[in-house]
Amino acid sequence: MKCLKFIGKISSLTIFSFVFSCAYFNTLYNAQQYFDEAENHRLEKEGKTVPLSAIDKYGKTIQKCQKSLREYPNSRWKIDAYLLMSKARYYRKDYDLALENLDTVIEQGTAEQIDEGKYWVALCKWKKGTSSSAVSELKNLLELTSYNFIKARCYLSLADIADENSRTKEALEYLEYGAKLTKDRAQRGLLYGQLADLAFKRESYDIAKNAYKQVITNSLSKEKIEKAHLQILKIFRLQNQYKAASKKIKSMLVDEKFKNISGNLELELVQIYMSQKEFDESINRLETIVNNYQRTEVSAEAYYLLGQIYTTYQWDLEKSREYFMKVGKEYSKSVYKPMANSRVNTLERYMNIYEEYQNILNERSRSNDTTSHISNIENDSLSVANNKEKIKTIPEITYQLADIEWFGFKRK
């Protein structure tokens, strides 16, 4: 509407031209708004998948671009419309239509539009299955373009292609280059998050730690910032920097800003105690957690850790089974629920076999003098008298018990 303020100052011919331009610009502006909204929805999903809400917004972007091109085919902004439409079509997986639009951009656009068009052409080729050609074109564009935002996009797409082909080290390098060149704060935070997660997965902890710090600095998402803090603490623990981790956790626990993740901080402190084999302290802290954070994801994980302690370090199988059974009841969506259920099954199997083992020993004891020794037991194939059914020999059963203890509980 700012356009109308100047109408009284210009000639009728200029008025017509100016109103024409305003109308076209408003239509394209609406298309850009839809596209930006779609991008926000897509980036909320870490940019890896395109949600239906974004697909719908991209569709409206295309409709507005088509309208502007149909009603104002000779506008000076028509290449902007073609470029915007091609990007929306890319995210809707209409790659052939996107390539048609991009041909127009490359034929008639400015230097910047041409370079950006070439970038999207490479991406369409990648998604159509010719990743080697896409990589070659992206690397060539990196050498020729003078626009940093295009260089940043090239690096990030090269990282995605490398990651897709399990070339993690190469992907890390490209992500780092791309993040440094990205100017938009929110986008930079997202990219550093991808870099951090990939580095953490590859156990490149120093790179991951520095990248998570950049997430804290740049991200606009409170959830992602909180996650970055927790990941840094985990890295401290994995690098045996227990003192630094404990100090940071305790300071965060008294900070109201981290109230939402206080339970996760408590769990991380327990992990530090467990890493230092301070199991009594771990148990006390976990029992406090299950009382303070009842029916939550945090308490479910706490029960899982209690179960772990009582199998791995205390060897109290009944108590361990009791804690593992509480995991799913505490929080049905816990990621630890399947593992806890598996542990319950393993424990019950072990206890049943051990009971069978004890029965054999008792039967053996009853069938011999009370003073006799059980010698050369590995060659014994004595059966239980009850029901006169032949059962496994003691060597077979002890092998089963040992097998479960090592592969089920990592006990030598």
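## Helices α17 and α18

Helix α17 passes helix α18 in a left-handed crossing, a crossing being left-handed if the near helix is turned anticlockwise from the far one by less than a right angle, and right-handed if clockwise. This is a predicted model, in which local features need pLDDT of at least 70 and side-chain atom pairs count only at pLDDT 80 or more, while totals for chains, interfaces and linings use all residues. Residues are numbered from 1 along each chain as its sequence is written, and side-chain values use heavy atoms, with hydrogens and water left out.

The axes of α17 (residues 337-367) and α18 (residues 394-409) come within 10 Å and cross at roughly 155°. That makes α17 roughly antiparallel to α18, because angles over 145 degrees count as roughly antiparallel, those under 35 as roughly parallel, 65 to 115 as roughly perpendicular and the rest as oblique. Axes are lines fitted to C-alpha atoms, for helices over the stretch in contact, with angles running from 0 to 180 degrees between N-to-C directions.

On the α17 side, the residues that meet α18 include Arg-343, Leu-347, Tyr-350, Ile-353, Tyr-354, Tyr-357 and Leu-361; their partners in α18 include Ile-394, Ile-397, Leu-401, Ile-404 and Phe-409. Contact here means heavy atoms within 4.5 Å. By class, the contact of α17 with α18 has twelve nonpolar, four polar and four charged residues. Ala, Val, Leu, Ile, Met, Phe, Trp, Tyr, Cys and Pro count as nonpolar, Asp, Glu, Lys and Arg as charged, and the others, Gly among them, as polar.

## The chain as a whole

The protein chain has 18 helices and zero strands; helices (H or I, at least four residues) and strands (E, at least two) are DSSP runs, numbered from the N terminus. Of its 412 residues, 42% count as buried, where buried means under 20% relative accessible area, exposed over 50% and partly exposed in between (1.4 Å probe, protein chains only).

Among contacts between residues at least 6 apart in sequence, 52% join residues at least 24 apart. The accessible surface of the chain comes to about 23400 Å², with 47% of it belonging to carbon and sulfur atoms.

## Helices α10 and α11

Helices α10 and α11 pack at an angle of about 155°, their axes lying 9 Å apart. The two are therefore roughly antiparallel to each other, and their crossing is left-handed. Residues of α10 that make the contact include Tyr-205, Ala-208, Tyr-212, Val-215 and Ile-216, and those of α11 include Ile-225, Ala-228, Ile-232, Ile-235 and Phe-236. The contact of α10 with α11 divides into eleven nonpolar, two polar and three charged residues.

Leu-220 lies in the loop between these helices, α10 and α11. Leu-220 is exposed, with a relative accessible area of 61%. Leaving aside neighbours within four places in sequence, Leu-220 is in contact with Arg-185 and Ala-186. Leu-220 and Gly-189 are 31 residues apart in sequence and 7.5 Å apart in space, C-alpha to C-alpha.

## Loop residues with positive phi

Glu-203, in the loop between α9 (185-201) and α10 (205-218), has a positive phi of about 65° although it is not a glycine. At 57% relative accessibility, Glu-203 counts as exposed.

Asn-240, likewise not a glycine, has a positive phi of about 60°. Asn-240 lies in the loop between α11 (222-238) and α12 (242-253) and counts as exposed at 53% relative accessibility.

## A buried glutamate

Glu-116 lies in helix α5 (residues 111-127) and counts as buried at 7% relative accessibility. Not counting residues up to four places away in sequence, Glu-116 touches Leu-83, Lys-87, Phe-149, Ile-150 and Arg-153.

How values were computed. Accessible areas come from the Shrake-Rupley method with a 1.4 Å probe; for residues, only the protein chains shown count as cover.
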